[in-house]
Amino acid sequence: MPIERRPLREQIKDELLERLGRGEFAADEPINENRMAADLGVSRTPLREALIALEREGVIRSERGKGFRFAPLSRKEFLDLSTIVREMESLALRLTDPAFLVSIAPRLLAEARGFPDQRAAYAVLERYDDEWHELLTSGCPNERLLDMIGSLKLTMHRYERVVVGDQDVLERSAAEHERIAECLLAGDVEGAVDALKTNWASGSERIMERFDLDRRPAAEPTPS
């Protein structure tokens, strides 16, 4: 087993974000630190450090005398996260060697076209989209930037899983991904960045449509 050289608090933070993205914690759920530390097999000190770090990112809230709890879902937060990740991925593309982007463009294009269905369960689309975007940004030399993108995406998945649900069927953004790959194949990095931003904007809109739909007040019964 390779030795993990990152601080334990960062490993705990990533594990909590993974579980949050899988929907294991409910919005506004209080956190029992003793139970969570035992479940993770760590002491309370690094766990508390991880919780404080997540609080700074808005994932967790603390109340005096009441401890920590997972933050409730917020429409504004999801839009803010989407904007941040969009700009971070755009920066990652700009930092990548253009020759590397040209070299991976055929694979990106093939994978965008090779996905078998135009519509699929959200869990399938999430996995496909994550892997495609990871390949897209894999040549970025700034590892810290990539870590931040990954961390924020896990927080976004928390929203998507709650609002959409693993088995709900959605349209995938094949044409948008193809456009990004085609720009890279032509050596047009800025065109790819513009297409990437369009992809993020339309993806966010699809989730927000579900978010708003799920939160509409129930219709009043029609008088007989």
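Which residues is Glu89 in contact with, leaving aside its neighbours within four places in sequence? I took this as my opening entry. I worked on a predicted model, in which local features need pLDDT of at least 70, side-chain atom pairs count only at pLDDT 80 or more, and totals for chains, interfaces and linings use all residues. Residues are numbered from 1 along each chain as its sequence is written, and side-chain values use heavy atoms, with hydrogens and water left out.

**Entry 1: Glu89**

I looked up the contacts of Glu89 (heavy atoms within 4.5 Å) and found His133, Thr137, Ile149, Lys153, Leu196 and Trp200, leaving aside neighbours within four places in sequence. I located Glu89 in helix H4 (helices, H or I, of at least four residues and strands, E, of at least two are DSSP runs, numbered from the N terminus). Glu89 counts as buried because its relative accessibility is 1% (buried is under 20% relative accessible area, exposed over 50%, partly exposed in between, with a 1.4 Å probe and protein chains only). I then checked its polar contacts (pairs of N or O atoms within 3.5 Å; within protein, one must be able to donate a hydrogen and the other to accept it, and residues adjacent in sequence count only if both atoms are side-chain atoms). The side chain of Glu89 is joined to that of His133 at 2.8 Å and to that of Lys153 at 2.7 Å.

**Entry 2: Val189**

I placed Val189 in helix H9. Its relative accessible area is 18%, so Val189 is buried. Beyond four places in sequence, Val189 touches Leu93, Pro98 and Leu101. I also recorded 9.3 Å between the C-alpha atoms of Val189 and Val102, which are 87 residues apart along the chain.

**Entry 3: aromatic pair**

I found one aromatic pair in the structure (ring centres of Phe, Tyr and Trp, its six-membered ring, within 6.5 Å; planes under 30 degrees apart are stacked, over 60 edge-to-face, the rest tilted). Phe25 and Phe70 are stacked because their ring centres lie 4.5 Å apart with planes at 15°. Phe25 lies in the loop between helix H1 and helix H2 and Phe70 in strand S2, so the pair ties together parts 45 residues apart in sequence.
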